[in-house]
Amino acid sequence: MNVRRPEFGVPAVARTLAWLRFSAVIGQTATVLFVTRGLGIALDQRHLYTGIAALGVFALLVAWRLGRDWPVSAAELMLHVAIDTIVLGWLLYLTGGATNPFAALLLMPITLVATALSPRHVIAVALMSLGTYVVVLRWNQPLPPLGASLHVLGMAMSFLISAALLGWFISRLALVLRDNQALAQRIRERALRDEGILAIATQAAGAAHELNTPLSTMRTLITELRREHTEGVLAEDLALLDSQIERCRDSLRELVAVGKAQLAQASERRRLGDFVAECSHRYGLLRPEVSLAVELPETTAELALNLPPGLRHALLNLLNNAADASRANGADRIGLQVSQVGDSIEFRVRDQGAGFAAGMDAALGNPFHSSKSTGLGIGLALADATAERLGGTLYARETGGAGVETVLALPLRPLLADSTRDTVASPSPAAVDTAAHGQARTPAADRR
């Protein structure tokens, strides 16, 4: 589950200032009403309310502006702080200047700006606050004698507000710092994972080049043997070997094709229904012993998407892992549910296995980690890398019953083609499911 964490930056500080500005308008109005009506102290209410009204209008304008998609610059944030400081200085001038206990609030803009802007901006805000303090110290409208108790009460209120704001800012900064450290750790782990995947890719390219020659030789020999043995069990075994060799050759060709497409950053425009049907067909050839049930709504199947290279392999890796988990638990069925959820496309692969092995949930996506004795531990790592490259997420969770559901969620907007609907007929969900099951039941010797 993704949790929204606090962040600091120019836009975040601008939003925080906007919230504090509305709070200040309410607090200043309540204070003036309490002092003038509750305590009966004479103040220049007309000019005080004029300053508070000006701050309120500015707060509304800033709230409207922050609702637009315009970037907030450091210069604009400095302008916001300058207007807030001027209004606060005006209110202090009308209420005793530096003798007003709330004069300490001039320090708050410095604290806010220090979290997002450069040292030169912080110095500028500090000089602005200091200049305002010096001005109201020299020029102000004195307050009538308040008595020691009221002055102490005002100082206590000012201290309480300052302590609350500082505690809030510092706690947010500490949380952001911890999040940044965790993010840096994740980036380092992903860099190590990508280095491992790159090493595997390099070795795979070399292996593909070397394997092409022996596969061609084997194909030639198998063809000659099939001519000599056209009947009997041996003929069936030779046909099976021939299909397996052809599958290896197809995998090598696809490896080269995917590599070229990745280098060219070329996406393949296809309907989602056709893509899922092809993946189901490929899965049926690879794993005929474990059937695949596909759930794909008709409206989702008609989406025309720009499918990037590598997505097919990522989905097949998830299906293959699910088949292994189901087989290990004595089951012979897995499920694939494809659906549009909000602004994303989700591929949900559910197995009927025994659930997570100890520590496996924490290792999801880590290279060379596998719960299978014959596993290489790179399938989930490759799928996770593909999801990350496409701006999506890959996660797994245990279901209420038996098995684990692995979810590959991808943002829909980058995948959408120029037209979200294609005019070519796509297979219905039933047809896709039938194709998957039909391929799963085809004799291995007849698959080419």
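Leaving aside its neighbours within four places in sequence, which residues is Leu311 in contact with? They are Phe275, Thr386, Leu390, Leu408 and Leu410. Contact here means heavy atoms within 4.5 Å.

Some ground rules come next. This is a predicted model, in which local features need pLDDT of at least 70 and side-chain atom pairs count only at pLDDT 80 or more, while totals for chains, interfaces and linings use all residues. Residues are numbered from 1 along each chain as its sequence is written, and side-chain values use heavy atoms, with hydrogens and water left out.

Back to Leu311. Leu311 sits in helix 10, residues 311–328. Helices (H or I, at least four residues) and strands (E, at least two) are DSSP runs, numbered from the N terminus. Leu311 has a relative accessible area of 2%, so it is buried. Buried means under 20% relative accessible area, exposed over 50%, and partly exposed in between (1.4 Å probe, protein chains only). Ala383 is 72 residues away from Leu311 along the chain, yet their C-alpha atoms are separated by 8.0 Å.

Now the whole chain. The secondary structure comes to 12 helices and 8 strands. Of the 448 residues, 38% are buried. Take the contacts between residues at least 6 apart in sequence: 75% of them join residues at least 24 apart.

Next, the transmembrane annotation. An unreviewed UniProt entry lists residues 12–36, 48–67, 87–110, 122–140 and 152–177 as "transmembrane region". UniProt positions follow the numbering used here, feature names are shortened, and annotations may be inferred rather than shown by experiment. In the model, residues 12–36 are 100% helix and 0% strand, with end C-alpha atoms 36 Å apart. Residues 122–140 are 89% helix and 0% strand, and their end C-alpha atoms are 27 Å apart.

The second largest pocket is lined by 42 residues. A pocket is found on a 1 Å grid over the protein atoms alone, as an open set of points with protein on both sides within 12 Å along at least five of seven lines; lining residues have an atom within 4 Å of a point. Gln28, Thr31, Phe102, Leu105 and Ile161 lie nearest the centre of this pocket. Helix 1 gives the most to the lining, with 12 residues. Helix 6 (148–228) is among the helices that each supply at least two.

Finally, the cysteines. The structure holds 0 disulfides, a disulfide being a pair of cysteine sulfur atoms within 2.5 Å. Cys279 is buried, because its relative accessibility is 0%. Cys248 is partly exposed at 37%.

Technical notes: 1 Å grid on protein atoms, 1.4 Å probe; cavity = no way out; pocket = protein on both sides within 12 Å on 5 of 7 lines; lining within 4 Å.
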